[in-house]
Amino acid sequence: MENRLLIRPETERDYERVEQITREAFYNVYRPGCTEHYLVHIMRTHADFVPELAFVLELDGELIGNVMYTKASLLDGAGGEKPVLTFGPVSIAPAFQRRGYGKRLLEASFERAAALGYEAIVIFGDPNNYVGCGFVSCKRHNVCSEPGVFPASMLVKELRPGALDGRLWAYRASSVMELDEAAAQRFDDALPPMEKRVLPSQETFYILSHALLT
């Protein structure tokens, strides 16, 4: 019998499980330990959080994944500003990763974001994970982190074709992304212990996150 997949809005009763999945999905991937579950914990009360785009994914009634969005902005050199979105963390429980569930969750959220009138999404991530969902290099849409700086890990997806119109844009993330590392550590310390390890994926992330396009 085919598994039953359900993508639905997050509710308050999901919060603890979502944070647990996020912790398990990211622990030791980019650094020893992780802070993504703390970001999830504080994001919901931030002014830039978009609750209409907080979704969870259930498989046969078991919650196995989630995605959350915040508002961000693109600034041009003439004082113009375009509201955009960023998502993250997007998490799938480790036992269910690499099966296409994350892509299905994201595609459902893209459809809803477009219906809400948003025109573009900007993220930082591994291109291998996102080009299949329609993301391209930030440089293709002339989106920079600062003038002349195009990070290899900064990716853009237009929800409305032509929305970014070729002008030079500078990306500005929500302030919720400026995490208090000490607070994040205290939050993690209060949870059941997980072993912090140094893994090869952390060096891969370091290289990618510091690479620039020319």
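**Entry 1: the model.** I noted at the outset that this is a predicted model. I kept that in mind for every value below.

**Entry 2: aromatic rings.** I started with the aromatic pairs, and the count is ten. I picked tyrosine 69 and phenylalanine 87, whose ring centres are 5.5 Å apart with 65° between the planes. Planes over 60 degrees apart count as edge-to-face, and this pair is edge-to-face.

Where do the two residues sit? I found tyrosine 69 in strand β3 (residues 62-75) and phenylalanine 87 in strand β4 (residues 81-92), so their pair ties together parts that are 18 residues apart in sequence. Tyrosine 69 has a relative accessible area of 0%, so I wrote it down as buried. Phenylalanine 87 is at 7%, and it counts as buried because the cut-off is under 20%.

Phenylalanine 87 has another partner on my list, tyrosine 130. Their ring centres are 5.7 Å apart and the planes are at 55°, so I logged the pair as tilted. Tyrosine 130 belongs to helix α4 (residues 127-130), while phenylalanine 87 is in strand β4, so this pair links parts that are 43 residues apart in sequence. Both phenylalanine 87 and tyrosine 130 are buried. I then saw that Tyr69, Phe87, Phe110, Tyr130 and Phe135 make up one aromatic cluster.

**Entry 3: glutamate 10 and arginine 44.** I moved on to glutamate 10, in the loop between β1 (5-9) and α1 (15-26). Its relative accessibility is 15%, so glutamate 10 counts as buried. What does its side chain touch? I found a polar contact with the side chain of arginine 44, at 3.0 Å. Leaving aside neighbours within four places in sequence, glutamate 10 is in contact with several residues, including Tyr15, Arg44 and Phe55. Arginine 44 also turned up beside a ring: its charged end sits over the ring of tyrosine 15, 3.9 Å from the ring centre.

**Entry 4: helix α1.** I looked at how far α1 reaches. Its twelve residues span 17 Å from the first C-alpha to the last, close to the expected 16 Å. Which of its residues are buried? I listed Val18, Glu19, Ile21, Thr22, Arg23, Ala25 and Phe26. A reminder to myself: an α-helix has 3.6 residues a turn, so residues three or four places apart point the same way. The elements covering the buried residues of α1 include α2 (36-43), β2 (55-59), β3, β4 and α5 (181-189). Just after α1, I spotted asparagine 28 with a positive phi of about 70°.

Entry 5: Why did I stop at positive phi values and cis bonds? I stopped because most residues other than glycine have a negative phi, and most peptide bonds are trans.

- Glycine 88 and proline 89 are joined by a cis peptide bond, with omega about -5°. Proline 89 lies in strand β4.
- Asparagine 142 has a positive phi, near 60°. I placed it in the loop between β6 (136-137) and β7 (143-144). Its relative accessible area is 24%, so asparagine 142 is partly exposed.
- Aspartate 165 has a positive phi of about 50°. It is in the loop between β9 (154-158) and β10 (169-172). At 44% relative accessible area, aspartate 165 is partly exposed.

Methods:
Residues numbered from 1 in each chain as written. Predicted model: local features only at pLDDT ≥ 70, side-chain atom pairs only at ≥ 80, totals over all residues. Heavy atoms only, no water. Phe/Tyr/Trp six-rings, centres within 6.5 Å; stacked < 30°, edge-to-face > 60°. Helix = DSSP H or I, 4+ residues; strand = E, 2+ residues; numbered from the N terminus. Buried < 20%, exposed > 50% of the residue type's maximum accessible area, 1.4 Å probe, protein only. Lys NZ or Arg CZ within 6 Å of the ring centre and 35° of its normal. Polar contact = N/O pair within 3.5 Å; in protein donor to acceptor, adjacent residues only side chain to side chain. Contact = heavy atoms within 4.5 Å. Expected span 1.5 Å × (residues − 1).
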